[in-house]
Structures are given as C-alpha cells and as structure tokens.
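Here are some notes for a colleague who is opening this structure for the first time. They are meant to be read with the model in view.

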Amino acid sequence: MHVLNIHGVNDVRLDPAAKPSPGSADVVIKVKACGICGSDLSYIKIGGIHRKPGGVTPIGHEAAGEVIAVGADVRDIAVGQRMVINPMNTPSYIGSGGPEGAFTNELLVRGARAGDSLLPIPDDLPYEIAALTEPFAVALHGVNRAEAEPGDKIVVFGCGPIGLGMVLWLIDRGVTDVVAIDLADERLARATALGARAVINPQREDVRARLAELHGTARVFSREAVGTDAYIDAAGAPSLLSDVVRMGKYHARMVVTAAYMQPVPLDLGAMLTTEMTITTAVGYPTEMPEVLAALPRLRAKAEPLISHRFPLDRVIEALGVAGTPSSAKVMIEMREDRV
Ligand SMILES: [Zn+2]
C-alpha cells in the first residue's frame, strides 16, 4: 500500500508504506474516497505542518471508507461498517500534522469512537459523496457563525468548494438572497447552479456598485452603505476586509473562514460608526453529524461539486488539477486493483 507524504516545500510523494497494526483502542479503515482540500495544497506549499527535519507530513483528511479491523476495547464499531472520518476528533489529527494521512489504502484511526471520530454513512450514500461531509461541515459552520437566517441578504466571497458549500447551505436554510463573488467564471457558474441569486466577477464589475443594486443601500450617518446583512469570506483576498468595512451597513456581520498567511489592514475608524461584527469560523465543532444526515437529501446538489475523480496512483496529477479554477472538489477514489 501507499501513503501521500509531504517531504519539503512543493515536494509531495506517494510513498510505499507498511499496513497499519491497530492497538486495542484503534480501528483500521480501508479508504474508499478522500477529497483534496485547499489546506492540503497550502501544506504542500509551505513544506508540511509540524514536520520534523528529515521527516514527512502525511496528508488527506476528507475520507470515507470501510472498517476492516477493530481493536478489542473499541465499542459499537464493527468490521464491514461504512464510515466517515471526523479528523478533528481524532487524537492524531489525521492529515493535519499527525502520523496518519488519509490519501492511503488503509488508514489507522487511533482511539476510535463511534459517533465521534467515526460516523456511520447512511445506507446507499456512495463513499465519494460521504467524503464531502468534512468540507460541507466547514461550510455549514461558516454559515452558522454568520447567523444567516431566511430574509437575510448574504454575500459569499470565493466559490471554491467551501464557498460553494456555503451557497448550498444558505439556500437549503431558506436564505434566497445569496450573491456569490469569484474571479473565475467557471466557479460562478457552479454558484448559479446551486441557486445563488446573482454572481459578481470583480475583474469585470464593481462589487460595491453591484451590491448596492442587488441589496439596496443604507445610511450610516452621512455615509452611504450597501444593504448586505452578512458577508462570508471564503476567498482570503487581502483587500477584502477593508472593502467590507467601508461598504458595510449598521450592524453588518462578517465571518472570515479563509486562511490568511499575512496580517491585513483594518480601518477601525470606518468601522466605528457601523458597530459591525467581524468574526472567524474554523473547522466544524458540532456540524458533522448534521451534514452527514442531510447528504442523502442534498445528493443531487452535492454530486456536481465533484468535478474530477482520480485513482490514488494519480494523486500527484490530481493535486495539480485541484489548484486550478476549472476544478471544484477533486476526489481520490481508491481502487484495489490500482495501488
Ligand atoms: Zn478539508
């Protein structure tokens, strides 16, 4: 079998690996599908995470698979069960700096707990759709942090898999006025297909002027603001925060889910009069079970978000595709005959 390891900056390799041997509290999952995440690409760019000199960072955390071994002390998990992994709830933080990554054939889940680090997949839901649970949970947490409710006018910056997941959840929640913003028309088309009311490409259109048209305007003292209730940042453009602060209305809300690598300027003077709220959202402290339960219902909307499928032996090529705007979610599907 193999495992995908980061060896250094932009140096990622599919290495041969020994099969895991589970301890009494552990489970082994035969991985069937694992999505490529934006964070995987970031980890590769920076040469790994918590990587010791000469060591590796195994990656892959959006995984679904079948239980093939169960330690003697593990409760309520049986061989043959289909499971989604909640990497945040694994003690080794699978795929984010620990000794395990899910771009592999057989994955060790240490200290496995049913309904917590491993969640049973609803019957008939294919593995690759189940593997969307993790990114969709990130998206749902962002929407929850924005306190989005029906009737709200919401803007989503960035239409990668997370931003698109946010559009999906907002529409599902009954928020009909969702405007999606991205520099790539292919991505905007996906947002439209999910039910966004309008899309804006800042390369061609003035975002503030278009939002004023779509969401109306509001006054903040002598200044004119746009009528948007909440902004969700799944893009991470450095100018975004100050743009929103300058156009935000009284009590506008902003949630940052993008990973900023550098500090960004914040005009607190412009923000003072709006009493706007800026907060962040990371991971999915509670959302995963709800997402997995909703996926059978949302399957028809979720399935087209998988833009590419690759076997594990082509994962390096797949990582390249995942970095392009023509892709949405790139899914690695493990086939026993390939690796
Ligand atoms: Zn992810």
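**Notes on the predicted model**

1. In this predicted model, three strands form an open sheet in the order E2-E1-E4, and their pairing is antiparallel. Strand E2 (11-16) and strand E4 (57-58) are the edge strands, each with a single partner strand, so one side of each has no neighbour in the sheet.

2. Helix H10 (residues 315-322) packs on this sheet, where it touches E1 and E2, and its direction makes about 150 degrees with that of E2. Strand E1 (residues 2-8) and E2 run antiparallel and are joined by six bridges; in one of these pairings, His-2 has Pro-16 of E2 as its bridge partner.

3. The zinc ion has as its protein donors Cys-37 (SG), His-61 (NE2), Glu-62 (OE) and Glu-134 (OE), which lie 2.2 to 2.5 Å from the ion. The angles among the four donor atoms run from 86 to 165 degrees, and the site is irregular. Along the chain, the donors follow the spacing C-x23-H-E-x71-E. Because Glu-62 lies in strand E5 (residues 62-70) and Glu-134 in helix H3 (residues 133-145), this pair ties together parts that are 72 residues apart in sequence.

4. Helix H4 (residues 161-172) packs with helix H9 (residues 288-302) at an angle of about 100 degrees, their axes being 12 Å apart, and the two helices are therefore roughly perpendicular to each other. On the H4 side the contact is made by Leu-168, Trp-169, Ile-171 and Asp-172, while H9 contributes residues including Val-291, Ala-294, Arg-297 and Leu-298. By class, this contact has seven nonpolar and three charged residues, and no polar ones.

Methods
Residues are numbered from 1 along each chain as its sequence is written. This is a predicted model: local features need pLDDT of at least 70, side-chain atom pairs count only at pLDDT 80 or more; totals for chains, interfaces and linings use all residues. Side-chain values use heavy atoms; hydrogens and water are left out. Axes are lines fitted to C-alpha atoms, for helices over the stretch in contact, and angles run from 0 to 180 degrees between N-to-C directions. Helices (H or I, at least four residues) and strands (E, at least two) are DSSP runs, numbered from the N terminus. Angles under 35 degrees count as roughly parallel, over 145 as roughly antiparallel, 65 to 115 as roughly perpendicular and the rest as oblique. Contact means heavy atoms within 4.5 Å. Ala, Val, Leu, Ile, Met, Phe, Trp, Tyr, Cys and Pro count as nonpolar, Asp, Glu, Lys and Arg as charged, and the others, Gly among them, as polar. Two strands pair if DSSP finds at least two bridges between them. Donors are N, O and S atoms within 2.8 Å of the metal (3.2 Å for Na, K and Ca); water is not among the atoms, so sites may look incomplete. Four donors count as tetrahedral if all angles lie between 85 and 135 degrees; four count as square planar and six as octahedral if opposite donors are over 155 degrees apart and all others between 65 and 115; anything else is irregular.
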